[in-house]
Amino acid sequence: MASQLQNISIVAPGFKGINTEDSPLAQDASFAEIADNTVIDQRGRMASRKGRTLLTTTATELGSAAVNAIGKYKDDAGNSKIFFAGNNKILSNTVTIADETPGSYTITANEWKIVNFNDNLYFFQSGHEPLVYNNSLGAVTKMSAISGAAAVTSAIYGNEAIGSWGRLWTADMAANKSKIYWSDLLLGSQWSGGSSGSIDITDAWPNGYDEIVGLAAHNNLLIVFGRHSIITYSGADSPASMAIQDTITGVGCVGRDTIQYTGTDLLFVSDTGLRSLGRTIQEKSMPLRERSLNVRSQITEYIQEETLSYRSVYSPENSFYLLHFQSQDVTYCFDLRQELEDGSFRVTRWTPTVFDSFFRDKDDGTLYIGTVDGINTYSDYYDNGAAYTFKYKSPSLAFGDSSRLKMLKKIKATLVGGNGAEATLSWSYDFEAAGDSATFAVGIQSTGYYGASEFNVAEYGFGASSTRTTINASGSGEIIDISFEMPILGSIVSLQELNILATIGKVT
Amino acid sequence: MWKELIDWATENPAQAVGTAGGVAGIYKAYDDLTGIGDTAQDRAGTLADTLKTNAQFVPYGVTTGSGSGFGMQKDPVTGQMSYQTSLSDSEMNLQNMLQTNALTALSNTNPKGYGNIQDSAYQANMAGQDFMQRAGMDNGAREAQIYNRMRAVQSPDEQRQRLALEERQFNQGRHGVNTAMYGGTPEQFAMEKAQAEARNSASMQSIQQAQAEQMQQAQIGQQYKQLQGQLATQGSGLMTSEQQRGLAGLQGSYIPQAGMLDALQPGMSAAAAQAQHQQYGLGLWGETQMSGLDAYLGANLGAGNLLGNASAGVLAGIYGKKGKV
C-alpha cells in the first residue's frame, strides 16, 4: 500500500547559506549545496546579488588591464578624488580615466595599498617608492619629493601600510618580511627623526620563521598578521613602548587585502578560511573565530589554488564581506547580519564575476568594483549589461529516512521578483549529477509610479512581483537534490519557499 | 873783659892787690865747694848703681798643684830671658788624649749612626723620588686601571640587567625595536643611559681616584722627602755634634795648659811687683844720681855764686873807681 504523500516545506531555502562541510543527509534543509550569485537579503531569503554598473566610458589609459586597487582621497576641506591602479599606472577619474603616474617613475605591478591619512593619500607597494597625493600637491608625487621627507629609502618600500595612531605604518618589504616601520607623528613622509622607528619581529614569531602579510589597528592593538601566525601589540600609540599582548600560532593571513574592519570584528582570511578577531573591552584575549566553517574545504581549495591576489571588501550597507579569488574569478559573500549557531557567517558564492578589486566609499557607501573595463559600482542587476545566473541547489533531502524510497510528485516554488526571466527547477536522485528539470517563467510586474507613469496605462503595485509555480516531478530514489537556476536580467529575485511533495515508499 | 880787667888792674894796682887777695880767698872757697859737689855726685852714683843692682829682675818659676809649671831663665851673657812651661804627665796625657779624640772627631766624616741615617735618608730620598716620579707620571694608565676595576665590578650586574631587559623585551616582542628618539626602546635607552652614566661616573671617579692617588703619592713622596730632610738634618746634626765634640775635646785639651797659665798669674804678679821694684830701684837710682848731680850742681852753683859775688866785689872795687863795669 502506498504511503501518504509527504511534504517537505523549505521556507526561505538556503537562507543559512552554503554548507559543504556537513553530511548532505544530516544537513538542515535551510542550508544550500550551491548558492551562486546570491545573497541573503534583508528578509533572510536567498536572493540574487546586484550586478556591476560600469562608470568608465574611456579606459584608454587602462588598456586591457584590470583595475587592481582603488582608493579615495579626501581632506578636511572636503576635496575628494578617486584613484585606482592598473596597467602599471596610477589612474584617476572613474569615467574618463586619466594617468596620474609621476614622471620618471616606473611601476612594475599593480598591488598598491592605498591609504588615506592626515589629508594625504599614500600609495604603497613592495619594491616601489611610496607615492603621495594631496590637494595642495595636485598630483601624485614621489614621497621623496615631499617637503620634509626623510629616510624614504627602499627599506620602507612596504607592501602593506596603515595609518593609525597618528602615524603611517608599513611592512612587508621585499628585502625584509619581518620588519615594521612607523613614521614620525603625523608626518607620513618622515621615516627618520622625531618619534619614527621600526621593530624587527623576526624573533617574536611564536612558531619560527614567518612573514608579515598585513597590519591592522584593532581594539587599540596593533595586529601583525603573519602568513602563519598573528602577533598583537599593545601600546602602539607609543610605538617605542609597545609590547606583545598576545600571539596566535597556526593561524595567519593569506593576503593583505583580505583584512577588513567591521567595527566589532576584524575579518581576515587564513589558510582555512575566513576568520575574525573579535573586539573585546575587558577580556584580555580577543576571541578568534572561524567564520567560514560551512565552506571550509571549498575555500581552502581556492586558497591553495589562487595564483594572483585576494581581494575583499566590507559593505555595511549590504551587510556582507566579499572575498574574491582573482585568478579563479570566484567571490564568496559572507552575510554579516547574523551568525549561525556555530559562529560562522552565512555564505554564498558569486561566479563568474570578472571582479578584480573593491572599494567602499565611506562617505556614501558606494561599493566600487574594479574590472578590466574600468570602475564599476555594485548596483542594479546586470553585470555591465549582461545577465548572470542565480543558482540554488538544496542539500540532499532524505525526508527523515534515507533507507526508504521516495517518489517526487510535485515541487512548488515561490519566488519574489525576477520579472519575466525563465527559471529552471531541476531534481535528481541519489547524488546523480543528471536529473530531470522543468522551466517556468517568472511573473512580470511593471510598477507604475504616481506622477510619473501614464494614467490608465501603468499599474500601481507593491514592488517586486511574486511567482508561485508548481512543477510535476517524476522518478524515485532515496535521496533527492533540488536545484533552481535563473538568469538575472535587471531585476532581483528571491527564493521564498520550496514545497516538495513526495511519496515515501518501501525500504530499499 | 879780661882785657879790661887787666887794664883795670894795671891802672889800680893797690886795689888790684887787695882785690887779688880777696880773690884768692874766694878761690879757695870756690874750690872747696867744687870738691863737695864732686863727692856728692860720686856717692850718688855709687848709691844709684847699688840701687840699680838691687832693683834688677829676678827670674822665677811657678809650679801648680797638678804638676804643671812655668819657668824662666836669663841668658847670663846676653841677658835675654827665656821662658818654659810644662805640664804634668797626667795632664799631658789628658791633653794628648783629648786632642787625639778631638782630631778624631774633627776628622771623622762618618760618626756613629751617621751611616744609618745616611742610608735611611738615601732610602727615604729614593722612596720619595719614586713616589714623586709616580706622582709625576701620566694618570691615564692608572685611570684606565681603576676604571676597568670599577667596570669589572659593575659590568656583571649591568650584563644581568641587560640580559633581563633583553629577555623582557624579547618576551614582549620588542627585541627588534629601533626608534629615532631612543635608538632602541625607551627602556633600553634608559638602561643604556643609566649604564652610560655609571660609566661616566666610573670614569670621573677613576680620574678623581687617580688624582687622589697621585696626590697621595706626592704627599708620600713629600713625606719621604721631608723624612729625608729630617734625616739629613739629623746627619748634619750628628756631624755637627761630632765636630762640636771634637772642638770640645780640643778645647778641653787646653784646659791643663790654661790651668797652668792661670797658675802663672800669681807668678806674673810677683814678676810685676819685682818689675815695680826694679822700676822703683831705677827710680831711686835716678833720683840718687839726680840728687848727686843736684849736690854737684848746688856745690858748683855755690862756688860759682861765690866766685861771682867775689868777682863782682873785685870788679866793683876795680870798676867802682872807674865807673861801672
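Figure 1. A:G197 sits in strand β17 (residues 197-200) of chain A; helices (H or I, at least four residues) and strands (E, at least two) are DSSP runs numbered from the N terminus. This is a predicted model, in which local features need pLDDT of at least 70 and side-chain atom pairs count only at pLDDT 80 or more, while totals for chains, interfaces and linings use all residues. Residues are numbered from 1 along each chain as its sequence is written, chains are lettered from A and ligands numbered from 1 in the order in which they are written, and side-chain values use heavy atoms, with hydrogens and water left out. With a relative accessibility of 8%, A:G197 counts as buried (buried means under 20% relative accessible area, exposed over 50%, and partly exposed in between, with a 1.4 Å probe and protein chains only). Setting aside residues up to four places away in sequence, A:G197 touches A:I180, A:Y181 and A:W182, and also B:N178, B:T179 and B:A180; contact means heavy atoms within 4.5 Å. Follow β17(A) and you will find four bridges to β4(B), with the two strands running antiparallel; two strands pair if DSSP finds at least two bridges between them. Within this pairing, A:I199 has B:V177 as its bridge partner.

Figure 2. Eight residue pairs are in polar contact between chain B and chain A, both residues being at pLDDT 80 or more. A polar contact is a pair of N or O atoms within 3.5 Å; within protein, one must be able to donate a hydrogen and the other to accept it, and residues adjacent in sequence count only if both atoms are side-chain atoms.

Figure 3. β30(A) pairs with strand β31 (residues 367-371) of chain A in the antiparallel sense, over four bridges. Opposite A:F359 stands A:Y368 in β31(A). Six residues lie between the two strands of this hairpin, and in the turn A:G365 has a positive phi of about 80°.

**Figure 4. An open sheet of four strands.** In chain A, four strands form an open sheet in the order β6-β7-β8-β9, with antiparallel pairing. Its edge strands are β6 (69-74) and β9 (98-99) of chain A, each pairing on one side only. Strands β7 (residues 80-86) and β8 (residues 89-92) of chain A are joined by four bridges, and A:G86 has A:K89 as its bridge partner. A:K89 is buried, with a relative accessible area of 19%. Apart from neighbours within four places in sequence, A:K89 is in contact with residues including A:E61, A:F84 and A:D99.

**Figure 5. Salt bridges in both chains.** Over all chains the count comes to 33 salt bridges, a salt bridge being a side-chain nitrogen of Lys or Arg within 4 Å of a carboxyl oxygen of Asp or Glu. One of them joins the side chains of A:E111 and A:R311 (2.9 Å, N to O). A:E111 lies in the loop between β9 and β10 (113-117) of chain A and A:R311 in strand β26 (residues 310-315) of chain A, so this pair ties together parts 200 residues apart in sequence. A:R311 is buried, with a relative accessible area of 3%, whereas A:E111 counts as partly exposed at 23% relative accessibility. In chain B, B:E242 forms a salt bridge with B:R245, their closest N and O atoms being 2.6 Å apart. Both residues lie in helix α6 of chain B, three residues apart, about one turn of the helix.
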